[in-house]
Amino acid sequence: MLQQMHLPVPLRGMLSVPFRGIRHSSKQDEPEYLHHLRVMFTRVMKARKVSVDATVLFADLRGYTGLSQSLSPDAISGLLDTFYDECANAIWAYDGLLNKTIGDAVMAIFNFPIRGEDHANRAVRAAREIQKRWASERETLARTLGVDGSELGVGIGIHCGELSFGEFGRSHRDLTAIGTVVNTASRAQTVADADQILVTAEVYRRARSDLPGCQAKAYRLKGFEAPIELYAA
């Protein structure tokens, strides 16, 4: 599949993760879809970076650090494999890009490479799909691992706005997104409770149709001087 795409991107290690979910969707087997991906990534590689209005989602597996100290490496590997796969499937279902896996967390981008004005809505729906998929998996995992299923929650943070996407670094190059939007989404995820989705006021403004009745609460986020309003989705 990846060979057919002829992507001018070093798809090894972490960078191969965004394409894990391709095989699960017939839509993503269509030549037009694959051509679109190739064109978008070619544009990035030629320019080194592009500015894009996008939505960033961070999802973190709660309890991982504690479990990694008590479970075998094989058990932890299986846990992360399942978590990554369920996140990838949910993200791809809403045309997002699973850009990175960072230990027990994943980072996804919506509105690149697949464009759409409703990218904030799609990120919210993907977040809910992650929670739904993980809820159905974790009880089985908990029984298999011999742990309390409540230890395996997922916290999610979402923010949107202008960011830079491209290849950054010299000796080690990383194809990713950077900017305040990324940092804010990451910090929002850190204050989300297990099984909670927190979105910023900008996400709420754009995706209000998917967030009826949500109430704002001010949070102190690391690195931000002023409190940030977040909505529980």
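1. The model is predicted, so local features need pLDDT of at least 70, side-chain atom pairs count only at pLDDT 80 or more, and totals for chains, interfaces and linings use all residues. Residues are numbered from 1 along each chain as its sequence is written, and side-chain values use heavy atoms, with hydrogens and water left out.

2. The chain has 7 helices and 8 strands; helices (H or I, at least four residues) and strands (E, at least two) are DSSP runs, numbered from the N terminus. Of its 233 residues, 53% are buried, where buried means under 20% relative accessible area, exposed over 50%, and partly exposed in between (1.4 Å probe, protein chains only).

3. Helix 4 (residues 73-93) and helix 5 (residues 119-145) have axes that come within 8 Å and cross at roughly 155°. Axes are lines fitted to C-alpha atoms, for helices over the stretch in contact, and angles run from 0 to 180 degrees between N-to-C directions. Helix 4 is therefore roughly antiparallel to helix 5 (angles over 145 degrees count as such). Contact, meaning heavy atoms within 4.5 Å, involves residues including Leu79 and Phe83 of helix 4 and Ile130 and Trp134 of helix 5.

4. A cis peptide bond, with omega about 0°, joins Phe112 and Pro113. Pro113 lies in the loop between strand 3 (105-110) and helix 5.

5. Asp95, in the loop between helix 4 and strand 2 (96-102), has a positive phi near 60°. Asp95 is buried, at 16% relative accessible area. Asp195 also has a positive phi, about 70°, but Asp195 is partly exposed, at 43%. Most residues other than glycine have a negative phi.

Notes
Parallel < 35°, antiparallel > 145°, perpendicular 65-115°, else oblique.
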